[in-house]
Amino acid sequence: MNTLNFQEKLLLLRLKKKDPEAFAQVYDLYVTPIYRFIYFKVSSRQDAEDLTSEVFLKIWQYVTETDEVIENLRALLYRSARNLVIDFYRRNAKRDYVQDEEILDLIQDEKQQSLLTKVDLEIEMKNVELILRKLKDEYREIIILRFVEELSINEIAEVLGKSKGSVRVILHRALKVVKELANQNGK
Amino acid sequence: MENKIIKEIKNLRTEIKPRSEWVSLSRDLLLKQIKQESYEPVKIGASSYLQIFVQFFRQSMLEPAVVMLLMMVTFLGSSLGINAAFYSLPGEPLYKVKLALEQTHAAMVSNETEQVNLKIEFAQKRMEELDKIVSATDLPVEQQKAKIKEAVAELQNNVLAVNNHLVKISKSITQSKVNDKDKADTVKMAVAVTSKTEELVKSLDQKLENLPAVDELEVKDLVAGAVKSVKDVNLSAQQLVEDVNQPQENALEIPDGSVKGVDNNDSVSDKSQNTDTIIKIDVKDTETEVINTSTDSIKLD
């Protein structure tokens with residue numbers, strides 16, 4: 001039996017019983033990986049931090065209220081993170097439709113801020129990070145999950161809601177694009 | 001090139017981290033938030049661990065490697081178990097398993113003759129077990145006595161079973177329900193049983209003499225009882241041989257009212273006495289001459 005798996009199962013059991021200590025342990029175990037995952041999907045550290053906190057709160061609510069058997073806590077965390085990022089972009093897209101001038105100024109300011117943050121980030125980022133940011137979301141996601149978070153193909157399939165075969169194909173394509181971009185950068 | 005890129009991507013794992021001050025702040029905030037909700041005290045009992053185990057087991061069953069391993073372990077485990085049971089003696093935990101395995105083996109044999117052969121083998125095994133128990137020097141007397149009792153009781157069971165089968169076979173033969181090949185097999189079996197039971201009787205008699213430490217009357221009586229049972233089987237087997245070799249016989253009444261071959265004045269035929277008699281009467285075979293003439297009577301006290 002995998003020790004981590006067993007630890008996870010025990011934590012899940014205690015979470016269901018609404019044990020705050022179990023929650024703290026889950027947080028300590030997964031805050032960095034979840035933050036990293038979200039970080040590559042959003043444009044700022046602030047957003048990544050906010051969304052990461054929201055993930056853990058959502059997980060607490062879900063695990064304590066659901067009767068469903070949860071097979072894999074890690075996959076559940078990544079799935080929640082992914083869904084929250086999607087909701088985040090939907091919320092942000094709606095915000096773009098506001099017409100009030102004051103608000104527009106604010107938005108302008110916000111966009112500038114966002115751009116500045118982007119530039120700051122770009123300065124901080126290494127080549128490979130920039131390459132990843134250029135990828136389409138699907139490819140970036142899979143690359144991060146596979147090589148940074150070191151999830152198995154099975155787990156990635158569970159997180160993305162795809163088959164193992166699809167995951168392998170997408171991963172292969174993603175790596176191909178990464179190689180091409182790296183070659184371009186090199187030139 | 002690809003490996004280099006993958007290595008750089010993997011390095012991001014150590015490079016991209018949240019701010020430590022944010023991590024602790026966020027942790028405290030979240031814990032405050034969830035503690036506001038009421039919670040029941042956590043009790044993780046055996047049922048919870050069983051739940052986890054069942055989940056693990058279910059997940060693991062999907063892995064073929066685990067299935068193969070389980071199959072091998074089950075096979076090995078059962079082989080080792082059967083092996084261990086084979087060498088067990090009365091009083092040991094696996095002895096009952098040994099007897100159960102023998103019963104299962106016997107249940108799979110449908111032929112009466114083979115049943116007899118098998119059960120006489122079982123009786124011989126009981127004899128070997130008795131040998132080991134009697135010659136064991138490290139056993140306390142009471143324990144030895146208990147083991148002897150158990151072994152002898154099982155021996156008697158096996159022997160009685162043999163006798164029952166012999167009676168069945170004998171009935172089938174007298175009712176002419178068996179063909180010539182079966183008759184030949186039966187004779188072979190009966191002869192084998194005769195010699196094996198003679199050996200068993202000899203061994204038991206020796207055991208009876210060599211029981212110095214266990215000289216309680218009940219054990220000796222038990223062993224003596226077993227000797228008698230084995231002798232009965234021996235007689236039944238001999239009788240069976242004769243039955244097979246005898247052509248079908250009919251009682252003929254001679255005009256003077258007496259039955260030929262029987263001493264009508266003999267008190268042996270008096271039914272008020274507690275005797276069993278087997279009377280064979282001369283038969284004139286129209287095709288062959290009279291083969292056997294014998295009159296046997298067996299008194300049982």
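This is a predicted model: local features need pLDDT of at least 70, side-chain atom pairs count only at pLDDT 80 or more; totals for chains, interfaces and linings use all residues.

Q: Which side chain meets that of A:Glu138 in a salt bridge?

A: The partner is A:Lys136, with N and O 3.6 Å apart, and A:Lys136 also counts as partly exposed because its relative accessibility is 47%.

Q: How far apart are the closest N and O atoms when B:Lys96 forms a salt bridge with B:Glu150?

A: A salt bridge requires a side-chain nitrogen of Lys or Arg within 4 Å of a carboxyl oxygen of Asp or Glu, and in this pair the closest N and O atoms are 4.0 Å apart. The pair links distant parts of chain B, since B:Lys96 lies in helix H5 (residues 95–107) and B:Glu150 in helix H7 (residues 141–174), 54 residues apart. B:Lys96 counts as exposed because its relative accessibility is 59%, whereas B:Glu150, at 24%, counts as partly exposed.

Q: Are A:Lys41 and A:Glu141 buried or exposed?

A: Both A:Lys41 and A:Glu141 are buried, and their side chains meet in a salt bridge of 2.5 Å from N to O. Here A:Lys41 sits in the loop between helix H2 (20–39) and helix H3 (45–65) of chain A, while A:Glu141 belongs to helix H7 (residues 137–148), 100 residues apart.

Q: How many salt bridges does the structure hold over all chains?

A: Counted over all chains, there are 21 salt bridges.

Key. Residues are numbered from 1 along each chain as its sequence is written. Chains are lettered from A and ligands numbered from 1 in the order in which they are written. Side-chain values use heavy atoms; hydrogens and water are left out. Helices (H or I, at least four residues) and strands (E, at least two) are DSSP runs, numbered from the N terminus. Buried means under 20% relative accessible area, exposed over 50%, partly exposed in between (1.4 Å probe, protein chains only).
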